[in-house]
Amino acid sequence: MKIAIKDAKNQLGQEVEIRGWSFNARSSGSIAFLQLRDGTGRIQAVVSKNDVSPEAWEAAKSVTIESSVIVRGLIKEDKRSPLGVELAATDVRIVQLAQEYPIGLKEHGVDFLMNYRHLWMRSARQEAILRVRDEIAYGFREFMKDRGFVLTDSPIFTPSACEGTTDLFEVKYFDDKAYLSQSGQLYLEATSAALGKSYCFGPAFRSEKSKTRRHLTEFWMLEAEAQFMEQEENMKLQEGLVMHVVRRVLDRCQDEFRTLERDVTLLAPAAEGNYPRVSYDEAIAKLQQLGSDIKSGDDLGADDETVLTKQYDRPIFVHHYPVEAKAFYMKPDPDQPTRVLNDDLLAPEGYGEVIGGSQRIDDLAILEQRIEQHGLPKDAFDWYLDLRRYGSAPHSGFGIGLERTVAWVCGLEHVRETIPFARMLHRLRP
Ligand code: 4AD
Ligand code: MG
């Protein structure tokens, strides 16, 4: 019977077949140990010369690291293995004998590993991260669907900027040019006016020349938009989403967290809610107290976010940024016109911004003025302005970065390990 390794512990005493790869193998005398993985788990197969055919014994002895194999045997209890069971082999077949594997057990530099990303992802840690990413992505979708948001995919080829003109990737588009989308937000503002509430989840592109541990040039973002939703409700929605995914991973990813040696007690407060709210002005005052030379009017840099978030045990909302520090579409607070109705959600433990959200300008004349002030091409935004000509309503939304969320949840140094194939300033391969 063919089984997945993760189910092996339910097959005690059964004869089973495992198809996978041998990530480590050694033999001495008349016994061989094959460490097997199949993408669902890891198990040790013990091959005794006396229990198998001569061909199977030859195969077991010649298995190299990452050879693909089919191993049959009996599932036996083994108290020392994390899985609690091992495989007493009765047959070993090599599907392909792997050439000398470039990744050894010794320490390799990150650049080396990133060059071999296509193979590196087979390691236990990388496999665990990709599984957590999958759970978070699923949790995103599940939450939005439960809240009545309709998935409307936004285009990748776009005629204009959403988040500012400095970091656009320009591509040839027949005889014209286009830009790779920085954000699906403007399109969601249209689809939400059709459906009430909508979201998109897809890649976004920023040609930011920043070489930080938080920046990719291609990343995945879930964005949500709802009509007749104001900023207060918007923040509640974001808090609910983050609580939902943290609960989900705490519930389902304990094996992965053990592999990653993630201290999950640090994640627990985020599952409880009650995220503190800090106004931009309070944040600046606090940072200055903590020794930063930040001035009022500056956007918070990554270092400022790190210092600030270390003061709290759970994510915090920083809200009411100065108009000039943020994107053209954000609505100024009528009670405080130099500040916008926005929030950045900053993750704890120094991870910094994972969400950017705001209420949008719903007044046609003000929006036209802002597009002009930002030096944006009015023609390209004509369709967007229609949304303020035909049934404009107060509306809000946000975007959450998948890779930054995964980096925080997994406790990783850098976002490059959170996506199957990272795209960064100096990396386009493999
Ligand atoms: O704050 P940002 O730029 O917001 C927007 O794009 C809005 N249009 C979203 C909206 O309201 N619909 O980006 C949102 C999030 C960030 O908080 C961060 O998590 C992620 O996207 N992000 C990046 N992740 C990795 N690499 C980058 N270069 C990123 N830029 C933004
Ligand atoms: Mg932002």
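The model is predicted, so local features need pLDDT of at least 70 and side-chain atom pairs count only at pLDDT 80 or more, while totals for chains, interfaces and linings use all residues. Residues are numbered from 1 along each chain as its sequence is written, chains are lettered from A and ligands numbered from 1 in the order written, and side-chain values use heavy atoms, with hydrogens and water left out.

**Overall chain**

- The chain has 13 helices and 18 strands, taken as DSSP runs numbered from the N terminus (helices H or I, at least four residues; strands E, at least two).
- Its C-alpha atoms fill a box of roughly 85 × 55 × 40 Å along the principal axes.
- Of the 430 residues, 50% count as buried (under 20% relative accessible area; exposed is over 50%, partly exposed in between; 1.4 Å probe, protein chains only).
- The accessible surface is about 20,700 Å², and carbon and sulfur atoms hold 50% of that (Shrake-Rupley method, 1.4 Å probe; for residues, only the protein chains shown count as cover).
- Among contacts (heavy atoms within 4.5 Å) with a separation of 6 or more, 67% link residues 24 or more positions apart.

**Strand pairing**

- Strands E3 (residues 42-48) and E5 (residues 85-96) run parallel and are joined by two bridges; two strands pair if DSSP finds at least two bridges between them.
- Val-46 has Ala-88 in E5 as its bridge partner.
- Strand E4 (residues 67-77) runs antiparallel to E5, with 10 bridges, and Gly-73 stands opposite Ala-89 in E5.

**Ligand 1**

- There are 22 residues around ligand 1, of which Glu-163, Gln-185, Glu-223, Glu-353 and Val-354 come nearest (near means a heavy atom within 4 Å).
- This shell divides into seven nonpolar, seven polar and eight charged residues.
- Strands E11 (218-227), E17 (352-359) and E18 (395-401) each supply at least two residues of the shell.
- A polar side-chain atom of Ser-183 lies 2.9 Å from a nitrogen atom of the ligand.
- Oxygen atoms of ligand 1 lie 2.8 Å from a backbone N or O atom of Val-354 and 3.0 Å from a polar side-chain atom of Arg-360.
- The protein covers 94% of the 630 Å² of accessible area that ligand 1 has on its own.

**His-414**

- His-414 sits in the segment after helix H13 (402-410).
- His-414 counts as buried because its relative accessibility is 11%.
- Its side chain reaches the backbone nitrogen of Arg-416 at 2.9 Å.
- Not counting residues up to four places away in sequence, His-414 touches Thr-212, Arg-213 and Met-424.

Note on methods
A polar contact is a pair of N or O atoms within 3.5 Å; within protein, one must be able to donate a hydrogen and the other to accept it, and residues adjacent in sequence count only if both atoms are side-chain atoms. Ala, Val, Leu, Ile, Met, Phe, Trp, Tyr, Cys and Pro count as nonpolar, Asp, Glu, Lys and Arg as charged, and the others, Gly among them, as polar.
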